Structure formats: C-alpha cells, structure tokens
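Q: Can you walk me through this one? Keep it brisk, please.

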Amino acid sequence: QVQLVESGGGLVQPGGSLRLSCAASGSIFSIHAMGWYRQAPGKQRELVALMTNVGIPNYADSVKGRSTISRDNAKNTVYLQMNSLKPEDTAVYYCNAVPERYPWGQGTQVTVSS
C-alpha cells in the first residue's frame, strides 16, 4: 500500500513563501497524475495543483501565478512552492493521485497570519 507523507507547512506572514513536500513510498509519479489538495476549516477538500504523469502542471485559479508544482521521480517526491501567501491559503495541505486513490496522509498545516 502506497503511503504519502506531507511536510513543510508552518506559520507564515502574508506575502511569505513555503515549499511543501510529499514523499510517496512507491514509484507512482510515472503512472498517475499527482496533486496537491487543501482543506480549510469548515470547507471541503479541494484540488489546487496537479502534475500529469508526463509532467504537465495545472493550477486552480486560487493559486495560479503564485504556486509551482514540481516532482523528483528519483526521490518519489512532489513539491508545491507557494509564494505571495494569503490568509485564505490557510488550510491543511495533502497530496494524492488525481483522482485520489491512496490513503490520505496526515497533511501539513499551512497558516498564513500576521
């Protein structure tokens, strides 16, 4: 069973940056599109960025122009670089295949606040 472990979140001021990481226990990136999802308090989980299995990125309007998804196949790791963070980016961030097919990890908390 593939396990996903997210890291890199934290408390950051508005306008700041974070780089999130997601390590997978298996070599799945060449098979599936991988995505970053987030869930804010009281809201449903939403997909904010994805990279297809051939490396094409796509972004939700809410993060487009401020975020970059990338991956390192050798390390079985996908990243999300987030810049110009806003308070509305506050959420728990998760990675999974798109559409999701693996057990969800614990996520990593991103809090944007002054």
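**Disulfide, aromatics, sheet**

A: The count comes to 1 disulfide (a pair of cysteine sulfur atoms within 2.5 Å). This is a predicted model: local features need pLDDT of at least 70, side-chain atom pairs count only at pLDDT 80 or more, and totals for chains, interfaces and linings use all residues. Residues are numbered from 1 along each chain as its sequence is written, and side-chain values use heavy atoms, with hydrogens and water left out.

Q: Which cysteines form the disulfide?
A: Cys 22 and Cys 95, with their sulfur atoms 1.7 Å apart. Cys 22 is in strand β3 (residues 18–24) and Cys 95 in strand β9 (residues 91–98), so the bond ties together parts 73 residues apart in sequence. Strands here are DSSP runs (E, at least two residues), numbered from the N terminus.

Q: Is Cys 22 buried or exposed?
A: Buried, at 0% relative accessibility. Cys 95 is buried too, with a relative accessible area of 0%. Buried means under 20% relative accessible area, exposed over 50%, partly exposed in between (1.4 Å probe, protein chains only).

Q: New topic. How many aromatic pairs are there in the whole structure?
A: The search finds 2. Rings of Phe, Tyr and Trp (its six-membered ring) pair if their centres lie within 6.5 Å; planes under 30 degrees apart count as stacked, over 60 as edge-to-face and the rest as tilted. Tyr 37 and Trp 104 have ring centres 5.0 Å apart and planes at 90°, so they are edge-to-face. Tyr 37 sits in strand β4 (residues 33–39), and Trp 104 in the loop between β9 and β10 (108–112), 67 residues apart.

Q: And what is the geometry of Tyr 94 with Trp 104?
A: Edge-to-face, 5.7 Å centre to centre, with 75° between the planes. Tyr 37, Tyr 94 and Trp 104 form one aromatic cluster. Tyr 37 is buried at 5%, Tyr 94 is buried at 11%, and Trp 104 is partly exposed at 30%.

Q: Where does the charged end of Arg 45 sit?
A: Over the ring of Tyr 94, 4.2 Å from its centre. The charged end of Arg 45 also sits over the ring of Trp 104, 3.8 Å from that centre. The rule: NZ of Lys or CZ of Arg within 6 Å of the ring centre and within 35 degrees of the ring normal.

Q: Now the sheet. What is the strand order?
A: β1-β3-β8-β7, an open sheet of 4 strands with antiparallel pairing. Two strands pair if DSSP finds at least two bridges between them. The edge strands are β1 (4–7) and β7 (67–72).

Q: How many bridges join β7 to β8?
A: 6. Thr 68 has Gln 81 in β8 as its bridge partner.
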